[in-house]
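Visitor: Before we turn to the details, could you show me the sequence and the structure that we are going to discuss?

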Amino acid sequence: MLPAGRRQFLKEDTMARQTFNWLPDFEAEKTVKPEVTVLKFGDDYEQRQSVGMNRIKEEWALTFRRPYSIGNAIDDFLTARAAVESFYWTTPRNKQIVCVCDSHTVKRYQGYLEITCTFRQVFES
């Protein structure tokens, strides 16, 4: 039998991953930066080698302009994850990925909220 603290840790690990269901505005911007090691030699020669199994990661800069009720729901979802808990998200290219949102910004306008954020793809079990 596991100690009480360890049981709690395992319980939290098995929580179901949530899904982010809102579609971003059309200004979504994808950045891809593969993980590589570059060895530079004399005369401007270089050699590149991939690093790790999941070396190609996506980041998406997103904007959501929504009425207060929907904007507040998006803000609440991202705040609840607190840059620690990952979530599922389907990209504008219809590909489901696991991501985290390290930070987001909420601007309040008359009648709507504008939320800007970056979703960073992560690989975890």
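Guide: A disulfide is a pair of cysteine sulfur atoms within 2.5 Å. Please keep in mind that this is a predicted model.

Visitor: By this rule, to what number does the count of disulfides come?
Guide: Cysteine 99 has as its nearest cysteine sulfur that of cysteine 101, 8.9 Å away, and cysteine 99 is in no disulfide. Cysteine 101 is in no disulfide either, the nearest cysteine sulfur being that of cysteine 117 at 4.6 Å. With the limit set at 2.5 Å, the count of disulfides comes to zero.

Visitor: Is cysteine 99 buried or exposed?
Guide: A residue under 20% relative accessible area is called buried, and one over 50% exposed. Cysteine 101, at 6% relative accessibility, counts as buried. The relative accessibility of cysteine 99 is 0%, so cysteine 99 counts as buried.

Visitor: In what order do the strands of the open sheet stand?
Guide: β1 (18-20) and β2 (29-32) stand at the edges with a single partner strand each, so that one side of each has no neighbour in the sheet. Neighbouring strands are turned by 35° against each other on average, direction ignored. The sheet has six strands with mixed pairing, and their order is β1-β6-β7-β8-β5-β2.

Visitor: Which residue of β5 is the bridge partner of threonine 31?
Guide: The pairing to consider is that of β2 with β5, which is antiparallel and extends over four bridges. In β5, the bridge partner of threonine 31 is glutamate 59.

Visitor: At about what angle does α2 run to β8?
Guide: The helix α2 lies across several strands, namely β1, β5, β6, β7 and β8. As for the angle between α2 and β8, it is about 35°.

Visitor: With which residues is phenylalanine 20 in contact, leaving aside its neighbours within four places in sequence?
Guide: Once its neighbours within four places in sequence are set aside, the contacts of phenylalanine 20 are Phe64, Ile74, Phe77, Leu78, Phe87, Tyr88, Trp89 and Phe119.

Visitor: Which side chain does a polar contact of 2.9 Å join to that of glutamate 58?
Guide: Glutamate 58 has its place in strand β5, and its relative accessible area of 7% is under the 20% limit, so glutamate 58 is buried. Another, of 2.9 Å, joins the side chain of glutamate 58 to that of lysine 95.

Visitor: Which residue in the hairpin of β3 and β4 takes a positive phi?
Guide: Strands β3 (residues 36-40) and β4 (residues 46-50) run antiparallel and are joined by five bridges, with leucine 39 standing opposite glutamine 47. Five residues lie between the strands of this hairpin, and the one that takes a positive phi, near 60°, is aspartate 43.

Visitor: Near what value is phi of asparagine 94?
Guide: Most residues other than glycine have a negative phi. Asparagine 94 has its place in the loop between β6 and β7 and, at 64% relative accessibility, counts as exposed. Its phi is positive, near 65°.

Note on methods: Residues are numbered from 1 along each chain as its sequence is written. This is a predicted model: local features need pLDDT of at least 70, side-chain atom pairs count only at pLDDT 80 or more; totals for chains, interfaces and linings use all residues. Side-chain values use heavy atoms; hydrogens and water are left out. Contact means heavy atoms within 4.5 Å. Two strands pair if DSSP finds at least two bridges between them. Helices (H or I, at least four residues) and strands (E, at least two) are DSSP runs, numbered from the N terminus. Axes are lines fitted to C-alpha atoms, for helices over the stretch in contact, and angles run from 0 to 180 degrees between N-to-C directions. Buried means under 20% relative accessible area, exposed over 50%, partly exposed in between (1.4 Å probe, protein chains only). A polar contact is a pair of N or O atoms within 3.5 Å; within protein, one must be able to donate a hydrogen and the other to accept it, and residues adjacent in sequence count only if both atoms are side-chain atoms.
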